[in-house]
Amino acid sequence: MDDPISRAFDLGDTDTARAWRAWQPAAAGAKGKAHAFSLADFDPSAKPFSRGDKAQDKAAVEGLAAELDRLQDVFYADRRFKLLVILQGMDASGKDGTVRGVFGRMSPLGVRVTGWRAPTPAERAHDFLWRIHAQVPGAGETVVFNRSHYEDVLVPVVNGEITAAQHRQRLAHINDFERMLAGTGTVVLKFMLRIGREEQRQRLQERLDDPSKHWKFEAGDLTVRRQWDDYERAYEALLPATHTPWAPWTIVPADSKTHRNLMIATVLRDVLQRLDLHYPPGDPSLSDLRVA
């Protein structure tokens, strides 16, 4: 793909680019068969983007959040592109925290967050992407998906609700859908927040121990936790199958909340910078206008 979006994903041979590529899954082979891929190769406690220590990383996140606010302002005014950021991960992996830490400084005028739950009966009556398409960004808009259409190749796979053929079909439909979005000006960035099993246990227990966090806990969280290995295998199937030049995945080590935000903010900043964003030209007729 030789277009502004694909060029934005080509960060060259910088330190950021090398670190980014190291945390991407190998794409599926030419005939659709995925290369050998295991999430065990991606350490959830790693800190590949760290600046040295937690204090430095926190300061870097603050600086990046301010820079992203500036870039989002130009992005909104430019109106040539749309931005869709997808956050996937196991329970307690930090999707809400990422929204606050990375996108919290941006103007709500051009930023929207959509959280996805199980489809309603009306949504089930349509194809699985019907409800998703209605929420993708418009021109100049940034939309963050807290979970996404990838739930439809996770939950039903783990629970045995679709066949292997239906699974393959859904993966193909997702690739076609995201290619269409990219071809019509949408920058699609997908982040899989990779939390360790012990770290998840501690975070879920914190929710139980603190009454002010009980609202975050659902009994189903423990059921899904018991299916940890099944979900790992489901992710290992979908990640290489849907890692494409037009909608790349990044696996984000998420045991460290600060580093998680640092990594996502850095990738997002670098991609947006390469879009060559600019404000629309001024209106010459306004140059001599004075406000009384």
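1. This is a predicted model, and the remarks that follow should be read as such. Arg21 comes out partly exposed, its relative accessible area being 41%. Its salt-bridge partner is Asp13, with 3.8 Å between the closest N and O atoms. Asp13 has a relative accessible area of 58% and is therefore exposed, since the cut-off for that class is over 50%.

2. The 3.8 Å separation in the Asp13 and Arg21 pair should be read against the criterion applied, which is within 4 Å. The pair also belongs to a network of salt bridges that links Asp13, Asp15, Arg18 and Arg21. In total, the structure holds 18 salt bridges.

3. Within helix 3, which covers residues 54-78, Arg70 and Glu67 are three residues apart, so about one helical turn separates them. Their side chains form a salt bridge at 3.0 Å, N to O. Arg70 is partly exposed at 42% relative accessible area, and Glu67 is partly exposed at 22%.

4. Arg269 and Asp270 are also joined by a salt bridge between their side chains, with an N to O distance of 2.4 Å. Are these residues buried or exposed? Asp270 is buried, with a relative accessible area of 11%. Arg269 also counts as buried, at 18%, because the class takes values under 20%.

5. Turning to the sheet: it is open, has five strands in the order 2-3-1-4-5, and pairs them in parallel. The edges are taken by strand 2 (111-115) and strand 5 (249-253); each has a single partner strand, so one side of each has no neighbour in the sheet. From one strand to the next, the twist averages 20°.

6. Which strand pairs with strand 1 over eight bridges? The partner is strand 4 (residues 186-194), which runs parallel to strand 1 (residues 82-89). Within this pairing, Gln88 lies opposite Met192 of strand 4.

7. Helix 4, residues 95-103, packs on the sheet. The strands it touches are strand 1, strand 2, strand 3 (142-146) and strand 4. The direction of helix 4 makes about 145° with that of strand 1.

Technical notes:
Residues numbered from 1 in each chain as written. Predicted model: local features only at pLDDT ≥ 70, side-chain atom pairs only at ≥ 80, totals over all residues. Heavy atoms only, no water. Pairing = 2+ DSSP bridges. Helix = DSSP H or I, 4+ residues; strand = E, 2+ residues; numbered from the N terminus. Axes fitted to C-alpha atoms, helices over the stretch in contact; angles between N-to-C directions. Contact = heavy atoms within 4.5 Å. Buried < 20%, exposed > 50% of the residue type's maximum accessible area, 1.4 Å probe, protein only.
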